[in-house]
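Reader: I am new to reading protein models. Can you take me through one, feature by feature?
Author: Gladly. Let us look at it together.

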Amino acid sequence: MSHCSFPYPRVALLLGLALSVFGLSSGTVADAQAGGSYSFVSLDVPSATQTRPTDINDNGQVTGDYFEGRIRGFVYSNGTFTTLEVPGATETIPTGINNRGQVVGYYSDDVGGHGFVYSNGTFTTLDAPGTNYPYYTHAASINASGQVTGYYLDSAGS
């Protein structure tokens with residue numbers, strides 16, 4: 001029975017990892033280059049000192065936040081910025097947008113930190129059971145069906 005072993009197993013593992021990373025990245029670059037031309041759009045909310053896009057959907061709508069005295073959210077669509085501010089919030093930070101234009105994120109108020117969903121002009125607060133100030137719920141992403149993922153910290157800080 002013949003048994004072939006590589007004299008340095010860690011080297012083989014690292015070499016395999018390096019080759020797979022190279023293969024993935026070079027395949028990605030090759031596919032991107034084959035796709036044609038690209039355009040870059042600088043997103044700067046007017047009068048903001050900082051603009052931070054966080055997600056884009058297949059329709060080209062972008063969500064994110066900006067700083068103008070405090071942190072506020074936005075949706076950018078077809079050259080127009082729409083401000084997103086949860087009523088009563090001291091800051092609103094969108095983190096995800098699905099193809100239906102529903103936005104998720106988190107906000108702070110005098111009670112604590114909360115997750116939210118913004119859909120058809122309405123904000124819905126998401127608070128995981130067992131969370132209380134200063135702990136919070138953070139909605140991170142939303143799929144086409146409106147299901148939300150995220151995380152939260154409980155009263156023990158876990």
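This is a predicted model: local features need pLDDT of at least 70, side-chain atom pairs count only at pLDDT 80 or more; totals for chains, interfaces and linings use all residues.

Reader: What else is in contact with Tyr 107, leaving aside its neighbours within four places in sequence?
Author: With those neighbours left aside, Tyr 107 is in contact with the core residues Val 86, Ala 89 and Phe 116, among others. Its contacts also include Glu 91, Thr 92, His 114 and Thr 125. Three glycines are on the list too: Gly 112, Gly 113 and Gly 115.

Reader: How many residues are in the second core?
Author: The second core is separate and has 6 residues. Among them are Val 62, Tyr 66, Phe 74 and Tyr 76.

Reader: Now the chain as a whole. How many helices and strands does the chain have?
Author: The chain has 1 helix and 10 strands. Of the 158 residues, 29% count as buried. The accessible surface comes to about 10,200 Å². Carbon and sulfur atoms account for 56% of that surface.

Reader: How do strands hold together in a sheet?
Author: Here is the general idea. Strands pair through backbone hydrogen bonds, either parallel or antiparallel.

Reader: In what order do the strands of the S5 to S8 sheet run?
Author: This open sheet has 4 strands, in the order S5-S6-S7-S8. The pairing is antiparallel. Its edge strands are S5 (91–97) and S8 (122–126), and each pairs on one side only. From one strand to the next, the twist averages 30°.

Reader: Over how many bridges do S6 and S7 pair?
Author: Strand S6 (residues 103–108) and strand S7 (residues 113–119) pair over 6 bridges. For one place to look, find Gly 105, which stands opposite Phe 116 in S7. Phe 116 is also part of the largest nonpolar core.

Reader: What is the strand order in the sheet that contains S1?
Author: The order is S1-S2-S3-S4. This sheet is open too, with antiparallel pairing.

Reader: Why is one side of S1 and of S4 left without a neighbour in the sheet?
Author: S1 and strand S4 (80–84) stand at the edges. Each has a single partner strand, so one side of each has no neighbour in the sheet. The twist here averages 30° from one strand to the next.

Reader: How many residues lie between S1 and S2 in their hairpin?
Author: There are 5 residues between them. In the turn, Gly 60 has a positive phi of about 85°. Strand S1 (residues 50–56) and strand S2 (residues 62–67) pair over 6 bridges. Gln 50 has Phe 67 as its bridge partner in S2. Ile 56 has Val 62.

Reader: Is Arg 72 buried or exposed?
Author: At 16% relative accessibility, Arg 72 counts as buried. Arg 72 lies in strand S3 (residues 71–77). A polar contact of 2.8 Å joins its side chain to that of Glu 68. Leaving aside neighbours within four places, the contacts of Arg 72 include Tyr 66, Leu 84 and Thr 92.

Reader: Where is Thr 149?
Author: Thr 149 is in strand S10 (residues 148–152). Thr 149 is partly exposed, with a relative accessible area of 49%. Beyond neighbours within four places, Thr 149 is in contact with His 138, Ala 139, Ala 140 and Ser 141. Thr 149 and His 138 are 11 residues apart in sequence. C-alpha to C-alpha, they are 8.6 Å apart in space.

Key. Residues are numbered from 1 along each chain as its sequence is written. Side-chain values use heavy atoms; hydrogens and water are left out. Two strands pair if DSSP finds at least two bridges between them. Helices (H or I, at least four residues) and strands (E, at least two) are DSSP runs, numbered from the N terminus. Axes are lines fitted to C-alpha atoms, for helices over the stretch in contact, and angles run from 0 to 180 degrees between N-to-C directions. A nonpolar core is a set of buried Ala, Val, Leu, Ile, Met, Phe, Trp, Tyr and Cys residues joined through side-chain atoms within 4.5 Å. Buried means under 20% relative accessible area, exposed over 50%, partly exposed in between (1.4 Å probe, protein chains only). Contact means heavy atoms within 4.5 Å. Accessible areas come from the Shrake-Rupley method with a 1.4 Å probe; for residues, only the protein chains shown count as cover. A polar contact is a pair of N or O atoms within 3.5 Å; within protein, one must be able to donate a hydrogen and the other to accept it, and residues adjacent in sequence count only if both atoms are side-chain atoms.
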